[in-house]
Amino acid sequence: MTAVRPHDLVRLAAPEALLTGGAPGWVGDALARAPWVVVRRATATAGRLAVGVRGAGRHQRHAAEAPPAAVAGVVVPERLRSPPHHGPATGPVCRTRALAALHDLGPALDARKLVWGPVGSVGFELATGQPATGPDSDLDLIVRVLELPDPGWAADLLGGLTDAAARVDCLLETPAGAVALAELAGGPAQVVLRTADGPRLVTPAQVRAMCARRAGPVGG
């Protein structure tokens, strides 16, 4: 199976593989509507994939593990940044403020030569074709970086996201884990580093040292 990273969207060939006895009742309906799950930032049992099932309500999130044989395909967030650019800002593809924000911000993010993509409800909707965003949805983004940027860089990028049609939450995905862009922009002494083993409170210097020691794809 292709290597996956947190936020990747996985299309299931056998969604019933996730319907264990402990799954809430809504999980089966959600997978019947859209047999897709999202890769979680978590450590899974050996040989399995940590994923999350999204239900129709915000409170409907279910952590699960998928066997490789159940996976039919993977869509990474970077592949989802283009579709809204093909239509007008008021067209069906921008039916909510979160989708309109993606439409508006996409060209500026591309101009910065960033490796980025939408995640959360926007990413799920674009990958699956199933409505997932609503009037109050935020636009969640990831930006992949090889090392933790300085606060000035973060503040400059954050400033470009403030006038969007919807609130924007952006995570910087580094080889050591993820850091919130808004948090880093404030120049804190410590940041919350989101890792597969849970959140850690560390200094930016520690994050940079961890990034330097790690080789391979960003977003660990």
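In the predicted model, Ala-98, Leu-99 and Leu-102 of helix α2 meet Val-122, Glu-125 and Leu-126 of helix α3. By residue type, this contact between α2 and α3 comprises 5 nonpolar residues, no polar ones and 1 charged. Two packed helices are described by the angle between their axes and the distance between the axes. For α2, which spans residues 97–111, and α3, which spans residues 120–128, the angle is about 85° and the axes are 10 Å apart. The helices α2 and α3 are therefore roughly perpendicular.

Helix α3 is mostly covered, with 7 of its 9 residues buried. These buried residues are Ser-121, Val-122, Gly-123, Phe-124, Glu-125, Ala-127 and Thr-128. The cover over them includes the strands β1 (9–12), β2 (36–39), β3 (49–54), β6 (115–119) and β7, together with helix α2. After α3 comes Gly-129, which has a positive phi, near 80°.

In soluble globular proteins, nonpolar side chains tend to be buried together. The largest nonpolar core of this model has 33 residues, of which Leu-109, Leu-139, Leu-141 and Val-143 touch the most other members. At least two residues of this core are supplied by each of α2, β7 (139–144), α4 (151–159), β8 (168–174), α5 (181–185), β10 (191–195) and α6 (204–213). Helix α2 gives the largest share, 6 residues. Another core, of 18 residues, lies apart from the largest one, and its members include Val-10, Trp-26, Val-37 and Ala-70.

With neighbours within four places in sequence left aside, Val-143 is in contact with Leu-114, Val-115, Trp-116, Trp-153, Leu-157, Cys-170, Leu-171, Leu-172 and Glu-173. One of these residues, Cys-170, is buried, with a relative accessible area of 8%.

The cysteines were then considered. How many disulfides does a search of the whole structure find? The search finds 0. The closest cysteine sulfur to that of Cys-170 belongs to Cys-211 and is 15 Å away, which is too far for a bond, because a disulfide requires the two sulfur atoms to be within 2.5 Å. Cys-211 is likewise in no disulfide, since the nearest cysteine sulfur, that of Cys-170, is 15 Å from its own. Cys-211 is buried, with a relative accessible area of 4%.

Definitions and conventions. Residues numbered from 1 in each chain as written. Predicted model: local features only at pLDDT ≥ 70, side-chain atom pairs only at ≥ 80, totals over all residues. Heavy atoms only, no water. Buried < 20%, exposed > 50% of the residue type's maximum accessible area, 1.4 Å probe, protein only. Axes fitted to C-alpha atoms, helices over the stretch in contact; angles between N-to-C directions. Helix = DSSP H or I, 4+ residues; strand = E, 2+ residues; numbered from the N terminus. Parallel < 35°, antiparallel > 145°, perpendicular 65-115°, else oblique. Contact = heavy atoms within 4.5 Å. Nonpolar A, V, L, I, M, F, W, Y, C, P; charged D, E, K, R; others polar. Core = buried A, V, L, I, M, F, W, Y, C linked by side-chain atoms within 4.5 Å.
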